[in-house]
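Here is my note on the model, point by point. Please keep the structure open while you read.

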Amino acid sequence: MVGMAEMKIITSPDDILIALGLGSCVGICAYDKTARIAGLSHVVLPDSSGHEACAGKFANSAVPLLLEAMCSKGATMRNIRIALAGGAQLFSFSGNGPKLEIGLRNATAVQMHLDKLNMTVVASDLGGTVGRTVHLYGDGRVRVKTIGKGEVDLAALGGAPILARAVSK
């Protein structure tokens, strides 16, 4: 399990990383198929604004932290493929004030920091108004379960074909 503001790395194809309840949070799934290293970060907010006590919590610090941790285990930046999930707007606010839109801000910040590092997102399931759970398998498969919509195989970051697109539950 990868909790809020956490990041974990796995090196076995039999392991699975899971981020439960991604509402406005964004799950960054990363995989190097050559080194067979997978990493998942559960980003909570877009910017640390100098609060570095929990680097995994913020997009601006979590993105480089995840990639550096993977490279320290043997991954290579040019081989890492990325999939994203989450970034929903779970609450609507009435009135004339601006919406908080934390989900959109998180998704935008994660993408911006990946772009700065020349990392390409090959698949994403972002936005909407419902939460998700993401599974990153040790072989690079990414599966997303969306509340009320079932499960979808989002990506095969390891290059293996996706056999089933959606699973009804």
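1. Strands E8 and E9 form a hairpin, with 3 residues between them. Gly148 sits in the turn, and its phi is positive, about 80°. Strand E9 covers residues 150-156. E8 and E9 run antiparallel and share 6 bridges. Strands here are DSSP runs of type E with at least two residues; helices are runs of H or I with at least four, and both are numbered from the N terminus. Two strands count as paired if DSSP finds at least two bridges between them.

2. This is a predicted model, in which local features need pLDDT of at least 70 and side-chain atom pairs count only at pLDDT 80 or more, while totals for chains, interfaces and linings use all residues. Residues are numbered from 1 along each chain as its sequence is written, and side-chain values use heavy atoms, with hydrogens and water left out.

3. E7 (residues 132-137) and E8 (residues 141-146) are antiparallel and joined by 5 bridges. Leu136 has Val142 of E8 as its bridge partner.

4. Which residues have the most contacts inside the largest nonpolar core? They are Cys29, Leu40, Ala83, Val134, Leu136, Val142 and Leu157, in a core of 22 residues. E2 (16-22), E3, E4, E5, E7, E8 and E9 each give this core at least two residues. E2 provides the largest share, 3 residues. A nonpolar core is a set of buried Ala, Val, Leu, Ile, Met, Phe, Trp, Tyr and Cys residues joined through side-chain atoms within 4.5 Å. Buried means under 20% relative accessible area, exposed over 50%, and partly exposed in between (1.4 Å probe, protein chains only).

5. Look at Cys29. Leaving out residues up to four places away in sequence, Cys29 touches Gly39, Leu40, Arg81, Ile82, Ala83, Val134, Leu136, Val142 and Leu157. A contact means heavy atoms within 4.5 Å. A second, separate core has 21 residues, including Leu66, Met70, Ile80 and Ala109.

6. Next comes the open sheet. Its 5 strands lie in the order E1-E4-E3-E5-E6, and the pairing is mixed. E1 and E6 (121-126) are the edge strands, each pairing on one side only. E3 and E5 are antiparallel, with 7 bridges between them. Ile28 stands opposite Leu84 in E5. Helix H1 packs on this sheet and touches E1, E3, E4 and E5; its direction makes about 165° with that of E4. Axes are lines fitted to C-alpha atoms, for helices over the stretch in contact, and angles run from 0 to 180 degrees between N-to-C directions.

7. H1 spans residues 59-72, which is 14 residues. Its buried residues are Ala59, Ser61, Ala62, Val63, Leu66, Leu67, Ala69 and Met70. Their cover includes E1 (7-10), E3 (26-32), E4 (37-43), E5 (80-86) and helix H2 (102-116). Gly74 follows H1 and has a positive phi, near 120°.

8. Finally, the overall count. The protein has 2 helices and 10 strands. From the N terminus, the order is β-β-β-β-α-β-α-β-β-β-β-β. Of its 169 residues, 45% count as buried.

Notes: The expected span of a helix is 1.5 Å times one less than its number of residues.
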